[in-house]
Amino acid sequence: MKKIFIGFLILGLSLSGLGLSLPQPSVAQAQIQQAELLKLKRLQQQAYQQNQEGQPKQAISTLQQALLIARQNSLKEIEASILFIIGGIYSLSHKTSKALEYYDQALPIYRAVNDKMGEVSTLKIIAHHYSIVEQPQKALKYYTQALFIIREIKNRKEEAKTLNNIASVYFSIDEPQKALEYYTQSLPIFREVNNRKGEAETLNEIASVYSRIDQPKRALEYYTQSLLIFRGVKGQKEEAITLYGMGKLYFQIGQLQEALEYFRQGLFSFKIVNNQQGEAQVLLSIGEVYSRLGQPEKSLESYNQALAILRQANEETVEDEIQNGEAILQKMGEAIILHRISMTYTDMNQLQKALEYNTQALLINRAMKFRKGEAITLSSMGVFYSYVSQLQKALEYYNQALSVCRAIKDRQEEAKVLSNIGVLYTDIGQPQKALKYYNQALPIYRVANDPHRGVTLSNIGSIYAGMNQLQKALEHYNQALSISRAIKDRNGEAMKLNKIGWVYYKTGQLQTVLEYYNQALPIFREVQNRRDEAASLYNLAILERSRGNLEAALQHIDDAINIIETTRTEIVSQEFRTSYFTSQRAYYDFYIDLLMQLHKQQPSKGFNARALEKSERARARSLIDLLRESQADIRQGVDPKLLEQEKNLQFQFNALEKRRLELGSKTPTKAQITSFEREYDTLLSQDRDLETQIRSKSPRYAALTQPKPLTIAEIQQQVLDNNTVLLEYSLGKERSYLWAVTQSGIISYELPKQSEIEAATNKFLNIVQDSNAKLSDISRTGTPLSQMLLGPVAQQLGQKRLLVVSDGALQYLPFAALPAPKGSQFLLSEHEIINLPSASTLATLRQELNGRKPAPKTVAVFADPVFSPTDERVGQRKGRTSASNKPTQGSVSAESFSVQTLRDASQKAGMNFEALPGTRREAEAILQLLPANTKMQALDFEANKTKVLDSNLSQYRIVHFATHGILNTTRPELSAVVLSLVDPKGRPENGFLRLRIVA
């Protein structure tokens, strides 16, 4: 079996190779009626014509008729040949199991009639197919049987070919020494029979083996011999393949300029013979060289040329021929190139583009059932989701990739996935688990001499650094650095330099740290790795602060933040933009702290104002984006098909909610609920993808300028008045900060570190949520917290309105329930308190209201909903359900299923769906203040989702919800306002006003 061109897929048949030529009947069979023979000949010609015209189904149907005649007349040789040919057609249609079925029928017939060459051909084609479907042991079994017969009949030429087939299988299962053993048997035979082309091809294969076992000089010797032969016999295509192989060899050993030279020669040769697939493959490799050299723009140029060539070839492929070998190779090549483009955009920190290209590659790999390609792209999806801090989703993709790698026994790709999983566990603070995965990957890399070993060594070094075993960390980092430099991996080199610098930082050798960081940063810029350039700048900022050079640190962190802001704006998906930005919060925290330290040194320079502005840049950015989009009406001008898909998805969501309630009334099992929630997740994923498509193709979205958070001057002008104070908090690991801003000025304060504030906050929240707590308990635990948070600014507050922008655990804190920092009253009795996600959000909302006609009515109130069938308002019945109404084991009650998913979310937030009678009194007090024609009330069962959606709430200036709310930080889409969950008869209804509806 000869390996078809490097890197794609192995197929040994072509349409033109099936001549459909049936053997002539023997003398004994010549007694058959002439009509039967003529019929067989006619059917043979018809099948041949159908096959040539790309009608395999019709050709098989015709051959089935011929097969019946052959069997009726005991024409065994012809029967076997027809079976063989049908198998070939199924093979070309990519239906391997059907092909094998017919080959298996042909084989005993060839044996019965003692047709040795027919038997050999069938054994070899069966072996070939087992090799394709990755059953190498079966392939070896059939090839060995064929070799025995070939040697028996002394067919030396066929013996050499079969020895190569066996060698190729051993090479594919990573047994290079066994492969070498068979290739060295075939080589003298090819020379004996004077098959110069076969000799040269075998020399190439031997070179590939020596390249695999890290003997590049021996490999180069064999490539040089084969190149001379191909040039002598004018084998232009084979010469191109050899040049390509030599280029790959030089690439492997890190001689990149030599690799480029051979690739360019190979490209020229492929163009001469008009081999588009070869051109695309060489361009792909040229792109990899430029990637290694740190020239991503040139890399993308080569990849895009390769992609254009293959796509043009695919467009010229007739639909009926999509399953033939060449078309499959072209699609596989397209997927590989798309993945390479994705990786390049990832390195350039253009994450949205990276995701788009990798998604295209994954779809092709799955459609074509190319498992290796599927594993690679699944692993890349994991990398992407790791970058945007969706670690659970990343782990799901890694595990899918690992499963595929193990199924196809691809050890090298398995090692890469194992290493990536190790990185993920490092990120979530499980170093021992990470080390377990790294130690599984490392020996696989060593066996294959894979340069990715350097990445894993570096990752292990990071584990030891985190465990403060600094000498072990340095040993691993230096090994990894040597590998990166040996293969001229500039990006990898810079990453290792950064890590070595960090180890020296922990040992206090600051001048040495600076030397390593200053080596790494220009390399990151050279290779245009924006993500790691930002990380390098961040490290330099930390270093300079440690050395007391606060101004230099400020310049570095400012440059890093600019990269993050640019990257953020390039991500179209709102979900990914949010998660990416959240993952970069440490940069902003450092920046704020640095500015406040500068303020302490130079209080008149306005550094505290700059710190507040950076705090605003880190807050509520996604909400501000959404508000700006709502003003722009980004759906205007979008392809109507996309909008129709969006509408259909909404119908599906509604139908799903209806089914939720119907299923809930039948006490479903936990398995049914799990299945239902999986369906919900699928719809949600489709909805997110569609939203991203709409944004990316919206003319209005493209024209949007990204909203910028407010400056101090703008906050004072657009947000504050004489009677309002903005209190904005920022919690930090070492210290926290509070800014108090009025129309006339800004004062800042240093507060205790985050852990102290959170401990006091949680203690207070536990008391507030305890229904048995007394006011004295609340005052006792709240007073120290109030002194901590408000004491420093107490003199500035007076009786003013407070705009509170919280951070971390403070976002859960009801400031109104805190005791005033001075006096015995609660804060609510002295101040109007408004909680905001950021000051910029309020300004954006006000801008949206500019020019809008005021609503004619005042307020719509939704309060005191009914959450449970045990509520006394249901059927005017008091008390709880009897034991007979409890759910049976293994099922979930109707009431509980309708709220289960969001109830889980509420429990994580420490909430229960208990009745809220106090909200009724609150609502009635509000409504008594207003004339009847300016208000609407919805209490009890009327406080339901249907009422909210059916009412024309745009008529009211204020919509007041007095009920439970759920904030789900892990699945934000499940955040909700909770309205009535049962109707007057106690039947469940969907009362969750989810974030997607509110938005």
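Predicted model: local features only at pLDDT ≥ 70, side-chain atom pairs only at ≥ 80, totals over all residues.

**A lysine in a loop, and beyond**

Author: K488 is found in the loop between α22 (470–486) and α23 (490–506). Residues are numbered from 1 along each chain as its sequence is written, and side-chain values use heavy atoms, with hydrogens and water left out.

So what's worth a look at K488? Its backbone has a positive phi of about 60 degrees, even though K488 is not a glycine. For background, most residues other than glycine have a negative phi. K488 counts as partly exposed because its relative accessibility is 43%. The cut-offs go like this: buried means under 20% relative accessible area, exposed over 50%, and partly exposed in between, using a 1.4 Å probe and protein chains only.

With 68% relative accessibility, K154 counts as exposed.

Go 20 residues along the chain to T62, and the C-alpha atoms of R42 and T62 are separated by 9.9 Å.

Now zoom out a bit. The protein has 43 helices and eleven strands. Of its 999 residues, 51% count as buried. Take the contacts with a separation of 6 or more: 63% of them come from residues 24 or more positions apart. Contact here means heavy atoms within 4.5 Å.

Next, two helix pairs. In general, two packed helices are described by the angle between their axes and the distance between the axes. Axes are lines fitted to C-alpha atoms, for helices over the stretch in contact, and angles run from 0 to 180 degrees between N-to-C directions.

Helix α8 (residues 176–192) packs against helix α9 (residues 196–212) at an angle of about 160 degrees, and their axes are 9 Å apart. That angle makes α8 roughly antiparallel to α9. The wording follows set ranges: under 35 degrees is roughly parallel, over 145 roughly antiparallel, 65 to 115 roughly perpendicular, and the rest oblique. α8 passes α9 in a left-handed crossing. From the α8 side, residues in the contact include L180, Y183, L187 and F190, and α9 brings in L203, I206, V209 and Y210 among others. Sorted by class, the α8 and α9 contact has ten nonpolar, three polar and four charged residues. Nonpolar takes in Ala, Val, Leu, Ile, Met, Phe, Trp, Tyr, Cys and Pro, charged takes in Asp, Glu, Lys and Arg, and the others, Gly among them, are polar.

The second pair is helix α35 (residues 754–768) with helix α36 (residues 775–790), packed at about 155 degrees with axes 9 Å apart. α35 and α36 are therefore roughly antiparallel. Among the residues that meet are I757, F764 and I767 in α35 and I778, L785 and L789 in α36. This contact of α35 with α36 divides into eight nonpolar, three polar and three charged residues.

Last stop, the sheets. An open sheet of five strands runs in the order β3-β2-β1-β4-β5, with mixed pairing. β3 (746–751) and β5 (833–836) are at the edges with a single partner strand each, so one side of each has no neighbour in the sheet. Inside, strand β1 (residues 724–730) and strand β4 (residues 801–805) pair in the parallel sense over five bridges. Two strands pair if DSSP finds at least two bridges between them. E728 has V805 in β4 as its bridge partner. Helix α29 (residues 607–617) packs on this sheet and touches β1, β2 (736–741) and β3.

The other stop is an open sheet of three strands, antiparallel, in the order β9-β10-β11. Three bridges join β9 to strand β10 (residues 976–978), and H964 stands opposite V978 in β10.

Key. Helix = DSSP H or I, 4+ residues; strand = E, 2+ residues; numbered from the N terminus. Left-handed = near helix turned anticlockwise from the far one by under 90°.
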